[in-house]
Amino acid sequence: MKPINFYLVTDTHYFENELGAGGPAFEKNMLTEQYFVKESSAIVSTTFDRIIQDKDTDIVIIPGDLTKDGELESHKSLAEKFESFEEETGIQVLVIPGNHDFGNLGEYCEVDLAKFKEIYADFGYNQALTLAEGHGSYTADLSER
């Protein structure tokens, strides 16, 4: 069996800028934010451009904190990026959620675990052999790619 070559990309904290990446309230929030929220789309794009250059990559695994705080539009936009990436490259993307992706994260979190699984069905959940209920982990056969 051929070895599996993969990238592990963590903590993208992607934020859809159309949700309001500007203005006094946003700038005040950014004074204490640990992430480059406004630049997250460019960072994700640059990361995936680098992965495309590696012709031996089979899979990209993203284990959590895909979005800033579970914003529905951020999840949808990121899933679209993953879909385009897979179509362009044939490289499979697999995700699992982190603590910034669903649940009770404050007023902006619009995604629960069921919605997370729906949005990312094509990025691991449809291929899951087993699912751990309650937190979104699963097993998958990586040799089936």
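## Helix α3

Helix α3 covers residues 72-89, and at 1.5 Å a residue its 18 residues should span 26 Å; the C-alpha atoms at its ends are 26 Å apart, which agrees. The expected span is 1.5 Å times one less than the number of residues. Helices here are DSSP runs of H or I with at least four residues, strands are runs of E with at least two, and both are numbered from the N terminus. The model is predicted: local features need pLDDT of at least 70 and side-chain atom pairs count only at pLDDT 80 or more, while totals for chains, interfaces and linings use all residues. Residues are numbered from 1 along each chain as its sequence is written, and side-chain values use heavy atoms, with hydrogens and water left out.

The buried residues of α3 are Leu72, Ser74, His75, Ser77, Leu78, Ala79, Phe82 and Phe85. Buried means under 20% relative accessible area, exposed means over 50%, and partly exposed lies in between, using a 1.4 Å probe and protein chains only. The cover over these α3 residues includes α2 (40-53), β2 (59-63), β3 (92-96) and α4 (113-119). After α3 comes Gly90, which has a positive phi near 80 degrees.

## The sheet and its helices

An open sheet is formed by 3 strands in the order β1-β2-β3, with parallel pairing. The edges are taken by β1 (6-8) and β3, each with a single partner strand, so one side of each has no neighbour in the sheet. On average, neighbouring strands of this sheet are turned by 15 degrees against each other, direction ignored. Two strands pair if DSSP finds at least two bridges between them. Between the parallel strands β2 and β3 there are 5 bridges; Ile59, for one, has Gln92 of β3 as its bridge partner.

Helix α3 packs on the sheet, where it touches β2 and β3, and its direction makes about 150 degrees with that of β3. Helix α2 lies across β1, β2 and β3 and runs at about 150 degrees to β2. For these angles, axes are lines fitted to C-alpha atoms, for helices over the stretch in contact, and the angles run from 0 to 180 degrees between N-to-C directions.

## Salt bridges

There are 3 salt bridges in the structure. The criterion is a side-chain nitrogen of Lys or Arg within 4 Å of a carboxyl oxygen of Asp or Glu. Glu73 pairs with Lys76, with 3.9 Å between the closest N and O atoms. Both residues belong to helix α3 and lie 3 residues apart, about one turn of the helix. Glu73 is partly exposed at 37% relative accessible area, and Lys76 is partly exposed at 34%. Glu118 pairs with Lys115, the closest N and O atoms being 3.2 Å apart. Glu118 and Lys115 are 3 residues apart in helix α4, which puts about one helical turn between them. Glu118 counts as exposed at 53% relative accessibility, while Lys115 counts as partly exposed at 25%. An α-helix has 3.6 residues a turn, so residues three or four places apart point the same way.

Lys117 and Glu133 also meet in a salt bridge, at 3.9 Å from N to O. This pair links distant parts of the chain, 16 residues apart: Lys117 is in helix α4, and Glu133 is in the loop between β4 (130-131) and β5 (138-139). Lys117 is buried, with a relative accessible area of 17%, whereas Glu133 counts as exposed at 60%.

## Thr12

Thr12 sits in the loop between β1 and α1 (24-30). At 17% relative accessibility, Thr12 counts as buried. Apart from neighbours within four places in sequence, Thr12 is in contact with Ser40, Val44, Asp65, Leu66 and Leu78. Contact means heavy atoms within 4.5 Å. Leu78 is also among the buried residues of α3.

## The whole chain

The protein has 4 helices and 5 strands, which follow one another from the N terminus as β-α-α-β-α-β-α-β-β. Of its 145 residues, 40% count as buried. Among contacts with a separation of 6 or more, 72% are between residues 24 or more positions apart.

The protein exposes about 8,300 Å², of which carbon and sulfur atoms supply 50%. Accessible areas come from the Shrake-Rupley method with a 1.4 Å probe, and for residues only the protein chains shown count as cover.
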